[in-house]
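Biologist: I would like to learn how to read a structure like this one, feature by feature. Could we begin with a single residue and then widen the view?

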Amino acid sequence: MKGVYSLILLTISNLFMTFAWYGHLHLFKKMAWFAKLGLVGVILVSWGLALFEYVFQVPANRLGFEENGGPFSLFQLKVIQEVISLAVFTLCAVFVFKTDKLGWNHLVGFGLLVAAVYVIFKKW
């Protein structure tokens, strides 16, 4: 179950990080109070969101790490995090931010990432 909890926490963590890194580029501009913030204000709001990313990311990595009783090595945790990050970003870009369309080249790239996960997890 530690592996499952780790994956859930990583997903939540990446939701916060996606909004911290990219929300100000499109979504938050639609809020009148946010549109009036200068760069320093935008940075502070993003840091506030990033704090919650860490609140979920750190426990996810601790639970998932094999030396803490979890099922994943450091390399496996990192590759999992990257795949989750890209999946969360893609879903947000297409369905929440609505700024981009998912193309065939994105799907090929994601397939290559899945191949990377396979290679990292394979016991050679």
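Modeller: Let us start with Ala-32, which counts as exposed because its relative accessibility is 55%. Exposed means over 50% relative accessible area, buried under 20%, and partly exposed in between, with a 1.4 Å probe and protein chains only. Ala-32 is found in helix α2, residues 32-35, and although Ala-32 and Ala-60 are 28 residues apart in sequence, their C-alpha atoms are 35 Å apart in space.

Biologist: What kind of model is this, and how are its residues numbered?

Modeller: This is a predicted model, in which local features need pLDDT of at least 70 and side-chain atom pairs count only at pLDDT 80 or more, while totals for chains, interfaces and linings use all residues. Residues are numbered from 1 along each chain as its sequence is written, and side-chain values use heavy atoms, with hydrogens and water left out.

Biologist: How many helices and strands does the chain have?

Modeller: Helices (H or I, at least four residues) and strands (E, at least two) are DSSP runs, numbered from the N terminus. By that rule the chain has five helices and zero strands, and its pattern along the sequence reads α-α-α-α-α. The C-alpha trace spans about 55 × 35 × 20 Å along its principal axes, and 29% of the 124 residues count as buried.

Biologist: Where does UniProt place the feature "transmembrane region"?

Modeller: UniProt positions are given in the numbering used here, with feature names shortened, and annotations may be inferred rather than shown by experiment. The unreviewed UniProt entry places this feature at residues 7-25, 31-56, 77-97 and 103-121. In the model, residues 77-97 are 100% helix and 0% strand, with their end C-alpha atoms 27 Å apart, whereas residues 31-56 are 85% helix and 0% strand, with their end C-alpha atoms 26 Å apart.

Biologist: How many salt bridges does a search of the whole structure find?

Modeller: A salt bridge is a side-chain nitrogen of Lys or Arg within 4 Å of a carboxyl oxygen of Asp or Glu, and the search of the whole structure finds one. The side chains of Lys-78 and Glu-82 meet in a salt bridge, at 2.7 Å from N to O. Because these two residues are four apart in helix α4 (residues 74-97), about one helical turn separates Lys-78 and Glu-82. Lys-78 is partly exposed, with a relative accessible area of 46%, and Glu-82 is also partly exposed, at 37%.

Biologist: Which side chain of opposite charge is nearest to Glu-53?

Modeller: For charges, Lys and Arg count as positive and Asp and Glu as negative, while His and the chain ends are not counted. The nearest side chain of opposite charge to Glu-53 is Lys-78, 8.6 Å away, and Glu-53 is buried yet has no salt bridge. Glu-53 sits in helix α3, residues 39-64, and, leaving out residues up to four places away in sequence, Glu-53 touches Ser-13, Phe-16 and Met-17. A contact here means heavy atoms within 4.5 Å.

Biologist: Is Ser-73 buried or exposed?

Modeller: Ser-73 counts as buried because its relative accessibility is 17%, and its place is in the loop between α3 and α4. Leaving aside neighbours within four places in sequence, Ser-73 is in contact with Phe-65 and Glu-66.

Biologist: What share of the contacts in the chain with a separation of 6 or more comes from residues 24 or more positions apart?

Modeller: Residues 24 or more positions apart account for 67% of those contacts.
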